[in-house]
Amino acid sequence: MALFCNIIISPKPFVLSCSYQKTHLSKTPQNTKQDPIFKIKGPATLSGHITISGSKNSSLALLAATLCCSGTSLLHNVPNISDIQAMASILSSLGAKVESFDGKMMVNSDGVGKVEVDLEEMRKIRGGFFVIGPLVARFGEAVVALPGGCNIGKRPVDLHLRGDGKVWAHTANVKGLVGGRFRLDYPSVGATETLMMAASMADGITLLSNVAKEPEVVDLARFLNDSGASIEGAGSDTLVIRGKSQLYGSECVIRPDRIEAGTFMIAAAITRSCISMSPVIPSRASCLIDKLSEAGCKISQVDQHTLRVSAVPALYPGDDLKSFGIKTSPFPGFPTDLQPQIMSLLTTCTGSSLVEESVFDNRMSHARELQKLGARIQVNGNSAIVFGKDKGSSLCGSRVIARDLRGGASLILAGLAAKGTTEIHKIEHIERGYENIVTKLQNLGADIERSTLPLLSSLV
Ligand code: EPU
């Protein structure tokens, strides 16, 4: 693949003015003297039904893709979370008009004239880096910072920047991209998405192989195709992309967040409860469904987009949920974004289990926090042995710190199962990715509240 452009990764942050209209998304108050926390009183029993929000990671990719389109793009079912706010600010900093209302986001990028991204915002989220695809396709260059996101490993961007050894090569006088062949060394989700956007506007045909098969890639292909692109093969390991000189804004409903759905499925399991949820795309959750079923949960499909998860003790009289092992891997393997939550569940199952993380190289920091709640976990590099409960022993509430988004979610789940009060600090990590998590859990019967503590007394 010979996509020619100029990308500058700037070490110096600077702030550009932001015209993002805050009609729907409310920013977390920035009071430096207060430390927002979640307080959970357990053990909880959950019941009822919850609505799953739109996918965070699909929304981030589609928002970047709106930069490929002339005219207005309208996205429905976008979650109201801080990562989306950061992405909206990035688009605005480039000159796009972004409006949000009632879970919808309308983006018009006709006025985009800059190639310099708001570097402060970019350092907050991983998804911000995706804009290099549209920017180099439209302008031949992009000025970006290394992206932020959860601290779960090294997370380089080499695959985004490289292709055939030369993709994105610096050239002084070539503007516009030329399609070609490129094989990713690893099926990176973000790199697949970045290259898909760039190739959709490149001149000629691009063949991308060993690409990510994640549902979010399929969602992005659907949106780009609806906007006039020609992408074949999304969901398989090879994409054939016929470049188009112009894409046009279209309308799209963001698919349900499979990781949020998975987190609530595990919430039902860890509290030995029964809840239902919709909308869910069951084929996107099959790995988790298999594992929870192996443990003893009963998962039934109520209708096309509704799942019921039951882990009530009547299912397994005299026994309890059994331990099982997981090894994370790219889709359709076990999702890395559910590994921390599963670790929490395993601390409450009978027997011991092996948890192996193979996608990121440092995604075990939640184990230390779970230990503060009484969990017995032995971490060795990217593997952990989780010792399930002895008869009579269980988790006990304590003060813990959310170290990253999914690790934070694992602490909420553990807090629901623990006896007594669990206080979770650094919840800004959790609020990056879960919309209304407190209200949703309260509606299921959990005793959880968001409150603030003076900063000094919050030191854990
Ligand atoms: N990698 C490279 N070079 C690259 C890109 C990735 O070596 O250029 C490596 C990474 O270091 C990592 C592995 O490839 O070890 C997988 O990374 P990938 O690129 O697939 O992940 P990502 O695009 O950075 C997205 C999600 C993550 C999710 C992963 C895997 C977004 C914004 N983020 O990240 O979501 O864990 O795919 O499914 O789409 C989350 O939501 O909590 C989250 C971390």
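This is a predicted model: local features need pLDDT of at least 70, side-chain atom pairs count only at pLDDT 80 or more; totals for chains, interfaces and linings use all residues.
A crossing of two helices counts as right-handed if the near helix is turned clockwise from the far one by less than a right angle. Helix α11 covers residues 365–372 and helix α12 residues 405–417, and the two pack with their axes 9 Å apart at an angle of about 20 degrees. Since angles under 35 degrees count as roughly parallel, that makes α11 roughly parallel to α12. On the α11 side, the contact is made by H366, E369 and L370, which meet G407, S410, L411 and A414 of α12. Sorted by class, the residues of this contact come out as three nonpolar, three polar and one charged.

Another helix pair, α6 (residues 189–200) and α7 (residues 215–226), packs at an angle of about 15 degrees, and here the axes lie 10 Å apart. That angle makes α6 roughly parallel to α7. Their crossing is right-handed. From α6, the residues V189, T192, E193, M196, M197 and S200 come into contact with α7, where the partners are E216, V217, L220, A221 and L224. The class count for the contact of α6 with α7 is seven nonpolar, two polar and two charged residues.

Rolling a probe the size of a water molecule over the atoms shows where empty space is left. Searching the whole structure turns up two cavities of 30 Å³ or more. The largest cavity has a volume of about 90 Å³. Its lining is made up of 14 residues, and R258, R284, A285, C287 and P335 are the closest to the centre. As for secondary structure, α8 (258–270) and α9 (286–295) are the elements that give two or more residues to the lining of the largest cavity. Eight nonpolar residues sit in that lining, along with four polar and two charged ones.

The second largest cavity has a volume of about 40 Å³. Its lining consists of I52, P256, D257, R258, A261, P279, V280, I281 and R284. By class, that lining splits into six nonpolar and three charged residues, with no polar ones. R258 and R284 turn up in the lining of the second largest cavity, and R258 and R284 are also among the residues closest to the centre of the largest cavity.

Note on methods:
Residues are numbered from 1 along each chain as its sequence is written. Side-chain values use heavy atoms; hydrogens and water are left out. Axes are lines fitted to C-alpha atoms, for helices over the stretch in contact, and angles run from 0 to 180 degrees between N-to-C directions. Helices (H or I, at least four residues) and strands (E, at least two) are DSSP runs, numbered from the N terminus. Angles under 35 degrees count as roughly parallel, over 145 as roughly antiparallel, 65 to 115 as roughly perpendicular and the rest as oblique. Contact means heavy atoms within 4.5 Å. Ala, Val, Leu, Ile, Met, Phe, Trp, Tyr, Cys and Pro count as nonpolar, Asp, Glu, Lys and Arg as charged, and the others, Gly among them, as polar. On a 1 Å grid over the protein atoms alone, a cavity is a set of points where a 1.4 Å probe fits but cannot get out, and a pocket is an open set with protein on both sides within 12 Å along at least five of seven lines; lining residues have an atom within 4 Å of a point. Grid points are joined across faces, edges and corners, and a volume is the space filled by probe spheres set on the points.
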